[in-house]
Structure formats: C-alpha cells, structure tokens
Amino acid sequence: MSTFALVIGVGKYRGLAANGHEDLRGAENDAAPWVRWLTRVFGAHEVRVLSTSDAAAQPTGEAILAGIVWLAETMRAARAEGRSASGLVTFSGHGAALPD
C-alpha cells in the first residue's frame, strides 16, 4: 500500500492578539514527530509539511487547499497504477466552530 500525508502546524496567527488570543506555542513542533512516525513506523511514501516555522511552506488557506488537492491527486495516480493508496492529514493549531 502507498501512503501519503499532509502535515500542518500553525502556531502563529495574524491578528490574534487584537482579538484577545495568543499564538500557540509548539503547534509547529508537532509536525516533526508526525513526520517521523509517518515515515518510520507507518511507512509513508511521501509526506508534505506546511508550518508557520518554515518560510518556504507557510500554511496559508491557499497552501492547505493545494496540499489537499495534491494528496487526492497523488492517491488517484497511485490507484491508476494499480496500487492501493491511503492518505492522512494532520493539523495542529487553533480550531473554530462556525454556525451552520
């Protein structure tokens, strides 16, 4: 089985302090153990990381959506080659609830 993953760590947020919230300490650090576990224990074939601690791979809304598209297309391509494929997305950061 081919396994692919998107790991997201968001610890810094624009405008949070103005709304009485703080950035998260350590959310970006959650990515490293996930990557180790996914590659060493779970045997993931490819893992992409978006993290506020990486200037080249910032977890913007656009980048997260692109990462999800990459994951779906990569899994689809693996299946087209006759391989079974699975995907995983992890997110460390603030959450929110929105009304329906």
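Which residues make the nonpolar surface patch of about 400 Å²? In this predicted model, the patch is made by Trp 34, Trp 37, Val 41 and Phe 42. Of these contributors, Val 41 is found in helix H1, which comprises residues 31–41, and Val 41 is exposed, with a relative accessible area of 60%.

Charged side chains were examined next. Side chains of opposite charge can pair when their charged atoms come close. With salt bridges taken as a side-chain nitrogen of Lys or Arg within 4 Å of a carboxyl oxygen of Asp or Glu, the count comes to three. One of them joins the side chains of Glu 28 and Lys 12, with an N to O distance of 3.2 Å. Both Glu 28 and Lys 12 lie in the loop between strand S1 (2–9) and H1, so the pair ties together parts that are 16 residues apart in sequence. Glu 28 is itself buried, its relative accessible area being 11%.

A further salt bridge is formed where the side chains of Glu 46 and Arg 48 meet, at 3.6 Å from N to O. Here Glu 46 is partly exposed, with a relative accessible area of 33%, and Arg 48 is likewise partly exposed, with a value of 38%. Arg 83 forms a salt bridge with Glu 81, in which the closest N and O atoms are 2.7 Å apart. Within this pair, Arg 83 is partly exposed at a relative accessible area of 35%, whereas Glu 81 is exposed, with a relative accessible area of 56%.

Notes
Residues numbered from 1 in each chain as written. Predicted model: local features only at pLDDT ≥ 70, side-chain atom pairs only at ≥ 80, totals over all residues. Heavy atoms only, no water. Patch = residues over 30% accessible without salt bridge, like charges linked within 9 Å, V, L, I, M, F, W, Y side chains within 5 Å. Areas by Shrake-Rupley, 256 points an atom, 1.4 Å probe, with all protein chains shown as cover. Helix = DSSP H or I, 4+ residues; strand = E, 2+ residues; numbered from the N terminus. Buried < 20%, exposed > 50% of the residue type's maximum accessible area, 1.4 Å probe, protein only.
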